[in-house]
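Let's take a walk through this fold, one neighbourhood at a time. Keep the viewer open as you read.

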Amino acid sequence: MIKISDIVITKGESLILNSVSLKINRCETHVIVGPSGAGKSSIIKVISGLWKPDRGSVVIDGVEISSLSENEIIPIRRKIGIVFQGNALFDSLTVEENVSFFLREHRKLTDKEINKRTTNAISTVNMNGTEKLYIDELSGGMKKRVAIARALAFQPDIILYDEPTNGLDPINAKAVLDLITKVKNTCSTSVVVTHILNDALMIADKITVINQGEIIESGDLNQILNSPNKFVQDFFSGIYPIHSFNNPKPITHSLSMK
């Protein structure tokens, strides 16, 4: 479980996160949505330990990480896989070399164990046959799947996705969302940051809405879509008709963009 309590982060004179508290349950797909610059990706940086808060606590599986040193936080980071918005792949390496890179750097595994994990991760994202291809030979959707495979190779308890479908065409975006759902079946906890509301509706167990560094609303799909909060209503109005907020109904089917 991930528990963020009263987190405050400032950068210079800018208030990035303002008293943010959030609980993310084990095996849950928790999607964080909000406008550009709202603080979505900042939450991922806090969870991963890349940013230390000015105030507040971050607890992962019972361990408070915000006060840990770089050496002390390594065991926690080994539980976490990150899929960066820009993929952060190495163009000079092949698919299999990219997927195995951090295993060789950070884990004491035999070559046989590394090869097995790499092969399994590539198979999970349906990229069999691409092992020897270089990154610049791949489409945008394939690059994203390689980035997910690299995260999966760590066999993480938690996977953080930063705008996983940004810039992808609808077919590749759906393939990535299907992968996120598939990963959930392994009981990994997924935290997904996105500004694409239809993506959130397709995969989320819980949704958190953030604006100007503050959490506006957090709950399951029905709670969010039937929220009385004006900002939440306006933010989701392009997908779900405004009148439905005032007439709550159970969500029994997936929603699509109009």
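This is a predicted model: local features need pLDDT of at least 70, side-chain atom pairs count only at pLDDT 80 or more; totals for chains, interfaces and linings use all residues.

Residues are numbered from 1 along each chain as its sequence is written, and side-chain values use heavy atoms, with hydrogens and water left out.

Start with the helices. Helices here are DSSP runs (H or I, at least four residues), strands are E runs of at least two, and both are numbered from the N terminus. Find helix α5 (residues 140-153) and helix α6 (residues 170-184): they pack at an angle of about 15°, with axes 9 Å apart. Axes are lines fitted to C-alpha atoms, for helices over the stretch in contact, and angles run from 0 to 180 degrees between N-to-C directions. That makes α5 and α6 roughly parallel to each other; the cut-offs are under 35 degrees for roughly parallel, over 145 for roughly antiparallel, 65 to 115 for roughly perpendicular, and oblique for the rest. Which residues of α5 and α6 meet? On the α5 side they are Gly 141, Lys 144, Arg 145, Ile 148 and Leu 152, and on the α6 side Asn 172, Val 176, Leu 179 and Val 183. Contact means heavy atoms within 4.5 Å.

Helix α5 has another partner. Helix α4 (residues 111-124) comes within 8 Å of α5, axis to axis, and the two cross at roughly 135°, so α4 and α5 are oblique to each other. Here Arg 117, Ala 121, Ile 122 and Thr 124 in α4 meet Ala 149, Leu 152 and Ala 153 in α5.

Now for the rings. Rings of Phe, Tyr and Trp (its six-membered ring) pair if their centres lie within 6.5 Å; planes under 30 degrees apart are stacked, over 60 edge-to-face, and the rest tilted. By this rule there are 5 aromatic pairs. In one of them, the rings of Phe 90 and Phe 102 have centres 6.3 Å apart and planes at 45°, so the pair is tilted. Phe 90 sits in the loop between β6 (80-83) and α3 (95-106), while Phe 102 is in helix α3, so the pair ties together parts 12 residues apart in sequence. Buried or exposed? Phe 90 is partly exposed at 30% relative accessible area, and Phe 102 is partly exposed at 27%. (Buried means under 20%, exposed over 50%, and partly exposed in between, with a 1.4 Å probe and protein chains only.) Phe 235 and Phe 236 form an edge-to-face pair, 5.8 Å centre to centre with 75° between the planes, and both Phe 235 and Phe 236 are buried. Back at Phe 90, ring pairs link Phe 90, Phe 101 and Phe 102 into a cluster.

Leaving aside neighbours within four places in sequence, Leu 197 is in contact with Val 33, Phe 235, Phe 236 and Ile 239, and at 11% relative accessibility Leu 197 counts as buried.

Glu 28 lies in the loop between β2 (14-24) and β3 (29-33), yet has a relative accessible area of 8% and is buried. Not counting residues up to four places away in sequence, Glu 28 touches Lys 23, Ser 188, Thr 189, Ser 190, Asp 205 and Lys 206.

Most residues other than glycine have a negative phi. Asp 61 is not a glycine, but has a positive phi of about 50°; Asp 61 lies in the loop between β4 and β5 and is partly exposed, at 37%. Gln 155 also has a positive phi, near 50°. Gln 155 is in the loop between α5 and β7 (158-162) and is exposed, with a relative accessible area of 53%.
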